Amino acid sequence: MTDRFKKLRIGVALGGGGARGMAHIGVLKAFDREQIPVDLIVGTSAGALIGAMYAQLGSAEAVERRFRQFLKSPVYQESALHRFRKKVEAENFFAQVANRIREQIVINLAYSRRGIFQRKRMREVIDFLIDDQEIEDLPIPFAAVAVDLITGQEVYLASGNLREAVEASSALPGYFQPFEKNGQLLVDGAVLQVVPTLAAKRLGATFVIAVNVSQDLRSDPPLNNIVDVIFRSTSITSHRYKQYLLQEADIVLRPPVGDFHWSDFHCYDQCVRLGEQTAEKALPVLKRELAARKGIRRFWYRKKSQPIHIEL
């Protein structure tokens, strides 16, 4: 059966991006206010966290309220999430020495363990934000995307414990230890699906709204050493594959949060506001496209060969 004859089922695909993912809350606030239905929600990493909260709590207002409580809590202070910052040049010789020692410690840890931080810290964050529940019992169908390091395949976590699914999807390689489950070694879904459009379609969405909060490919990358060259090479691969994923969406929302570091949780209000403003700008186009897919008009609707991109 072609999409024209299928019942309209709106799927929202929330991408990964750390603190930039707080823009998802703003997007969902605008959808709630304008009564844009969300029939299913799929998330990667930060998108899985916000998506799970929305699917469980039922409104963006409730998600925002709980997230603000988290940012004021001891759990956030002890999580170390706010301590990551962009690298800056050392001010003097002694600071240079300290940086060198710190880098060497990280290198030594890399040889002896699978992640810099134990999963305990991530688990405490997730336990604060998400109530213990099975995915099957959520009022809105939900799935988190992770990647199995053993098979190299994406894994759609659409059943089982909600907290565990989000934890697996958020296991940033190198920082947090992989999540072991049923013989799988799961890490952050952004390794393969930074914006989980394919997952949304696999779960039955016939109209996909993608929210992309990842950073763009830099036009002036540092290419001064081996590490720079390796990072640039992997960034190019990731960027090109992300473009392929976005082709699977009907509408792509792009809140302008690319300049925020993934740990900039203190920029919460800005990210939420930018997400909300981007969704508001998209509403006329979104409503028009949804109307074209409803009722008898769906019989002559043709999906555009290119998704509609909305940016501020």
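Author: Helices (H or I, at least four residues) and strands (E, at least two) are DSSP runs, numbered from the N terminus. The model is predicted, so local features need pLDDT of at least 70 and side-chain atom pairs count only at pLDDT 80 or more, while totals for chains, interfaces and linings use all residues. Residues are numbered from 1 along each chain as its sequence is written, and side-chain values use heavy atoms, with hydrogens and water left out.

Reader: How many helices and strands are there in the protein?

Author: Both kinds of element occur in the protein. The count is 10 helices and 11 strands.

Reader: What percentage of the residues count as buried?

Author: Buried means under 20% relative accessible area, exposed over 50%, and partly exposed in between (1.4 Å probe, protein chains only). The protein has 312 residues. The part of them that counts as buried is 48%.

Reader: What share of the accessible surface belongs to carbon and sulfur atoms?

Author: Accessible areas come from the Shrake-Rupley method with a 1.4 Å probe; for residues, only the protein chains shown count as cover. The accessible surface of the protein comes to about 15800 Å². Carbon and sulfur atoms hold 53%.

Reader: Which residues make the nonpolar surface patch, and which helix holds Phe 231?

Author: Patches are made of residues with over 30% relative accessible area and no salt bridge, with like charges joined within 9 Å and nonpolar side chains (Val, Leu, Ile, Met, Phe, Trp, Tyr) within 5 Å. This patch covers about 430 Å² and is made by Ile 226, Val 227, Ile 230 and Phe 231. Phe 231 is exposed at a relative accessible area of 54%. Its place is in residues 226-246, helix α9.

Reader: Which residue pairs with Lys 29 in a salt bridge?

Author: A salt bridge is a side-chain nitrogen of Lys or Arg within 4 Å of a carboxyl oxygen of Asp or Glu. For Lys 29 the closest N and O atoms of the pair are 3.7 Å apart, and the partner is Glu 276. Lys 29 lies in helix α1 (residues 23-33) and the partner in helix α10 (residues 268-292), so the pair ties together parts that are 247 residues apart in sequence.

Reader: Which residue forms a salt bridge with Glu 280?

Author: The closest N and O atoms are 2.6 Å apart in the salt bridge between Glu 280 and Arg 33. Glu 280 lies in helix α10 and Arg 33 in helix α1, so this pair also ties together parts 247 residues apart in sequence. Glu 280 is partly exposed at 36% relative accessibility.

Reader: How many of the 11 residues of α1 are buried?

Author: The buried residues of α1 include Ile 25, Val 27, Leu 28 and Phe 31. This helix is mostly covered, and the number buried is eight.

Reader: Which residues does Phe 31 touch?

Author: Contact means heavy atoms within 4.5 Å. Residues up to four places away in sequence are not counted. Phe 31 touches Val 12, Ile 36, Val 38, Ile 209, Leu 253, Ala 279 and Leu 286.

Reader: How many disulfides does a search of the whole structure find?

Author: A disulfide is a pair of cysteine sulfur atoms within 2.5 Å. Cys 271 counts as buried at 0% relative accessibility, and Cys 267 is buried at 8%. Cys 271 is in no disulfide, as the nearest cysteine sulfur, that of Cys 267, is 6.0 Å away. For the whole structure the number found is zero.
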